[in-house]
Amino acid sequence: MTEVDAPATHEPLPVAILGSLSPSRAADFKTCPLLYRFRCIDRLPEAPSRAATRGTVVHAVLEDLFGLPAAERTLDTAKALVPSAWARVLEESPESASLFGDDVSGTELAEWLGSAAGLLENYFDLEDPARIEPAAREQLVEVVIDGLRLRGYVDRLDVSPAGDIRVIDYKTGSTPREAFEAKALFQMKFYALVLWRTRGVIPRQLKLMYLADTDSLSYAPEADELDRFERTLKAIWAAIERATQTADFRPSPSRLCDWCDHQAICPAKGGTPPPFPRDALAAAQGDRRAG
C-alpha cells in the first residue's frame, strides 16, 4: 500500500458547498458541455436502454451475491437472483417496463434476462466470489475540497489485512481499445482521489472488470498523478461555473452523438435547446449552498 501524507480536506468549521461533481457528470462536461446542461441543469428525461438497464440488473445481483455467506456465492445462486433484481429495478424505475412493452409473449424479455445471466457467467470466469470478503458494496464516497463536493458510488471496495485498498468497478460492456483507456480510468481516478483525501491512503489497485468479453483493466495510481487529477476536476468545475454564468454550454459533436437522447434539440444537429432555466437554477443553487 502506498501511504502518502494527504492535505487536510475537511475544514474545522462548516464550509459553503459551491458545487458538486460526480464522475459521470464531470465526464459529461468533458465529453459535451451541452450534454451536461441537458442532464444537470435542464434535467431532461432520457429513455431507458436495454443495455444500461441490464447493467443495473447485473450490478444488483453482484451486490446481493456478496451479501450471502461465502459458500452460497455460486453461479447458480447468482442466476437465480436475476429475476428478483429485475423486479427491484422495475419497482425503482417503472419506466423500464417500456423496454418490453410490445413483447407480448415475453420472448425478448426472457432472452434479455438470459443475457444478464451470461454476463454473470463471465464474471465467475474472472474471479471466485467465495474467496472474497468485500469491505463495502455500493459505497458512497465523498469529500469537500475548497467548497467543491466530490461524490460517487463505488461498486466494491476490498481491503486486505495489511490495509491495502482495491477499488472494483463492474462494466457490462467490452474492454475499451487502448486509445480509450484513459477515459475508462477517469471514473476510477475520481474514486481514488476521494478515498485518498478521506482516508489518507492511496488505493493500491483500481480494477475495471469487463464482463462482456471476460477481461479486466487494472491501474495503480500515484500521489502526483492524483494531485494533477484534483486540479483537473477543479478546472472542470470552474469551466462549468463560467458556462453557467454566461448560459453558454456548447455542443461537442462526436461519434457518441448517435446515442444521445437529445439530438432533436441540439444545435449541432439543427435543433434548438430550450430557454436556459436561470430562475430554477438560481433557486437550486441557493438551496444547495444553504444545505
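Q: Is the crossing of α1 and α8 left-handed or right-handed?
A: In this predicted model, α1 and α8 cross in a left-handed sense (the near helix is turned anticlockwise from the far one by less than a right angle; clockwise would be right-handed). Helices and strands here are DSSP runs numbered from the N terminus, with H or I over at least four residues for helices and E over at least two for strands.

Q: At what angle do helix α1 and helix α8 pack?
A: Helix α1 (residues 23-31) and helix α8 (residues 223-246) pack at about 65°, and their axes are 10 Å apart; axes are lines fitted to C-alpha atoms, for helices over the stretch in contact, and angles run from 0 to 180 degrees between N-to-C directions. The two helices therefore count as roughly perpendicular (65 to 115 degrees; under 35 is roughly parallel, over 145 roughly antiparallel, and the rest oblique).

Q: Which residues make that contact?
A: From α1 come A26, F29 and K30, and from α8 come L233, I236, A239 and I240, where contact means heavy atoms within 4.5 Å. By class, the contact of α1 with α8 has six nonpolar, no polar and one charged residues (Ala, Val, Leu, Ile, Met, Phe, Trp, Tyr, Cys and Pro are nonpolar, Asp, Glu, Lys and Arg charged, and the others, Gly among them, polar).

Q: And how do α7 and α8 cross?
A: Their axes come within 10 Å and cross at roughly 105°, so α7 and α8 are roughly perpendicular to each other. On the α7 side the contact uses F186, K189, F190, A192, L193, W196 and R197, while α8 supplies A223, E225, L226, D227, F229, E230, L233 and I236. That contact of α7 with α8 has ten nonpolar, no polar and five charged residues.

Q: Which residues touch the most other members of the largest nonpolar core?
A: Among its 50 residues, they are L21, Y36, L150, V167, L233 and F249; such a core is a set of buried Ala, Val, Leu, Ile, Met, Phe, Trp, Tyr and Cys residues joined through side-chain atoms within 4.5 Å. Helix α7 (residues 181-199) gives the largest share of this core, eleven residues. Apart from it lies another core, of 27 residues, which includes A78, V82, L119 and I132.

Q: Where is A78, and is it buried or exposed?
A: A78 is in helix α4 (residues 75-80) and is buried, with a relative accessible area of 0% (under 20% is buried, over 50% exposed and in between partly exposed, with a 1.4 Å probe and protein chains only). Leaving aside neighbours within four places in sequence, A78 contacts V61, L65, L120 and F124. The C-alpha atoms of A78 and F124 are 9.6 Å apart, although 46 residues separate them along the chain.

Q: Back to helix pairs: how do α3 and α5 cross?
A: The axes of helix α3 (residues 50-65) and helix α5 (residues 82-92) come within 9 Å and cross at roughly 120°, so the two are oblique to each other. The crossing of α3 and α5 is right-handed.

Q: What about D169, buried or exposed?
A: D169 lies in strand β5 (residues 165-171) and counts as buried, at 2% relative accessibility. Beyond its neighbours within four places in sequence, D169 contacts D155, Q187, M188, Y191, K207, L208 and M209.

Q: Which conventions apply to the numbering and the cut-offs?
A: Residues are numbered from 1 along each chain as its sequence is written, and side-chain values use heavy atoms, with hydrogens and water left out. As the model is predicted, local features need pLDDT of at least 70 and side-chain atom pairs count only at pLDDT 80 or more, while totals for chains, interfaces and linings use all residues.
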